[in-house]
Amino acid sequence: MHPWKVSLGLTVAVVASLVFVAAARFDYLSPHRRLILTEHWWPVALFASSGVLNIVVGLAGVLRSLGLYDVGRKVDLVERSVRRGDGDPELARRLKDQEHGDFSD
């Protein structure tokens, strides 16, 4: 899995939870929703996109500092080397059998 996919997935989860919480907190604005979106759509879109961008960059920084940013690339490298036959030959055989649909022991 690519690092940007991890960061994007975490961002979607965080933004969805924030929208859910904000919808309950800003319930008093619901009668004015149409006016806000028609008259002030540009600042709303600008601030929302800025917030999402800040969350993406923040999550990428946290993942990089924890050493998790390159995990997908490392796992892909290890999987390709095992499929080539490097390392555990029993695991390589089982992976090859699984690709051909043979799931028996």
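Let's start with Phe 26: its relative accessibility is 45%, so Phe 26 counts as partly exposed. For the cut-offs, buried is under 20% relative accessible area, exposed is over 50%, and partly exposed is in between, with a 1.4 Å probe and protein chains only. Before I go on, this is a predicted model, where local features need pLDDT of at least 70, side-chain atom pairs count only at pLDDT 80 or more, and totals for chains, interfaces and linings use all residues. Numbering runs from 1 along each chain as its sequence is written, and side-chain values use heavy atoms, with hydrogens and water left out.

Back to Phe 26. How many aromatic pairs does the structure hold? There are 2. Phe 26 and Tyr 28 have ring centres 6.3 Å apart and planes at 65°, so this pair is edge-to-face. Trp 41 and Trp 42 also form an edge-to-face pair, with 5.6 Å centre to centre and 75° between the planes. The rule here is that rings of Phe, Tyr and Trp (its six-membered ring) pair if their centres lie within 6.5 Å; planes under 30 degrees apart are stacked, over 60 edge-to-face, and the rest tilted. Tyr 28 has a relative accessible area of 56%, so it is exposed. Trp 41 is exposed too, at 52%, and Trp 42 is exposed at 55%.

Okay, the overall picture. The chain has 5 helices and 0 strands. Those are DSSP runs, numbered from the N terminus: H or I for helices, at least four residues, and E for strands, at least two. What is the radius of gyration of the chain? The chain has 23 Å, but a compact globule of 105 residues would be near 13 Å. That radius is taken over C-alpha atoms, and the globule rule is 2.2 Å times the number of residues to the power 0.38. The C-alpha trace spans about 65 × 30 × 20 Å along its principal axes. Buried residues are 11% of the 105 in the chain. The accessible surface is about 8,600 Å², with 66% of it belonging to carbon and sulfur atoms; areas come from the Shrake-Rupley method with a 1.4 Å probe, and for residues only the protein chains shown count as cover.

Next, helix 3. Its 26 residues should span 38 Å at 1.5 Å a residue, and the end C-alpha atoms are 37 Å apart, which agrees. The expected span is 1.5 Å times one less than the number of residues. Which residues of helix 3 are buried? They are Ile 55, Leu 59, Ala 60 and Leu 63. As background, an α-helix has 3.6 residues a turn, so residues three or four places apart point the same way. Just after helix 3, Gly 67 takes a positive phi of about 80°.

Now the surface. Val 62, Leu 66, Leu 68, Val 71 and Val 75 make a nonpolar patch of about 430 Å². Helix 3 (41-66) and helix 4 (71-84) each supply at least two of its residues. Patch residues have over 30% relative accessible area and no salt bridge; like charges are joined within 9 Å, and nonpolar side chains (Val, Leu, Ile, Met, Phe, Trp, Tyr) within 5 Å. A salt bridge means a side-chain nitrogen of Lys or Arg within 4 Å of a carboxyl oxygen of Asp or Glu. Val 71 sits in helix 4 and is partly exposed, at 34% relative accessibility.

Last stop: Leu 8, in helix 1 (residues 3-25). Leu 8 is 80 residues from Asp 88 in sequence, and their C-alpha atoms are 34 Å apart.
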